[in-house]
Amino acid sequence: MSNSSFGVLLIGDQPKCLQLLRQEQFETICADRLVDGLVQLKNTSVGLVLVTLSVPDAPGKAAFIKFHKAAPYLPIIVLATPEEERMAAGLMRLGAQDYLLV
C-alpha cells in the first residue's frame, strides 16, 4: 500500500528519517535549508512537515517559527536531539503538532 496521498516535507539533514519515510513509501520532499523548504511548499502538495532544529539558515526554534508563519494550516513535527527536547516541547505551545527525538 502506498502512503503517497500527500507529500511529507522533510527540512534538515536527517538521513535516518528520510530512509524510514521512503521505506514506508511516503512521498518525501527534502530540503536541507529552510529557504528551500519554503520554495518546496509553494511548488508541491504537502500534508505534513518534519523540521529539524539544526537547519543551517534558521537554527534553533527559528526554523519552526518561520515555517509555521508561512504555513499555519500544516501540521509540523519538530525533530530534535535529546539535548534539544526542552526547546522542542516548548514549540508545541507555539503551534507544533508534536516533536520526535532523533
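Reply: Buried residues make up 42% of the 102 residues in this protein; buried means under 20% relative accessible area, exposed over 50%, and partly exposed in between (1.4 Å probe, protein chains only). This is a predicted model, in which local features need pLDDT of at least 70 and side-chain atom pairs count only at pLDDT 80 or more, while totals for chains, interfaces and linings use all residues. Residues are numbered from 1 along each chain as its sequence is written, and side-chain values use heavy atoms, with hydrogens and water left out.

Me: Why is threonine 28 called buried?

Reply: The relative accessible area of threonine 28 is 14%, and buried means under 20%; threonine 28 is therefore buried. Threonine 28 belongs to strand E2. Leaving aside neighbours within four places in sequence, threonine 28 is in contact (heavy atoms within 4.5 Å) with Val8, Leu10, Leu18, Leu21 and Arg22.

Me: Why is aspartate 36 called partly exposed?

Reply: Aspartate 36 has a relative accessible area of 31%. Aspartate 36 is found in helix H2, residues 34–43. Aspartate 36 and isoleucine 11 are 25 residues apart in sequence, and 8.3 Å apart in space from C-alpha to C-alpha.

Me: What counts as a helix or a strand, and how many of each are there in the protein?

Reply: Helices (H or I, at least four residues) and strands (E, at least two) are DSSP runs, numbered from the N terminus. The protein has four helices and five strands, and from the N terminus on its elements run β-α-β-α-β-α-β-α-β.

Me: How do you know which strands pair in the sheet?

Reply: Two strands pair if DSSP finds at least two bridges between them. Five bridges join strand E1 (residues 7–11) to E2, and these strands run parallel. Because two bridges are enough, E1 and E2 count as a pair; leucine 10 stands opposite cysteine 30 in E2. E4 and E5 also pair in the parallel sense, over four bridges, and valine 78 stands opposite tyrosine 99 in E5. The five strands form an open sheet in the order E2-E1-E3-E4-E5, with parallel pairing. Its edge strands are E2 (27–31) and E5 (98–101), each of which pairs on one side only.

Me: What makes a set of residues a nonpolar core?

Reply: A nonpolar core is a set of buried Ala, Val, Leu, Ile, Met, Phe, Trp, Tyr and Cys residues joined through side-chain atoms within 4.5 Å. The largest nonpolar core has 23 residues, of which Ile11, Val49, Val51, Phe67 and Val78 touch the most other members. E1, H2, E3, H3, E4 and helix H4 (85–91) each supply at least two residues of this core. A second, separate core of nine residues includes Val8, Leu10, Leu50 and Leu79.

Me: How do you know that the radius of gyration agrees with a compact globule?

Reply: The radius of gyration is taken over C-alpha atoms, and the globule rule is 2.2 Å times the number of residues to the power 0.38. With 102 residues, a compact globule would have a radius near 13 Å; the protein has 12 Å, and therefore agrees with the rule. The C-alpha atoms fill a box of roughly 35 × 25 × 25 Å, taken along the principal axes.
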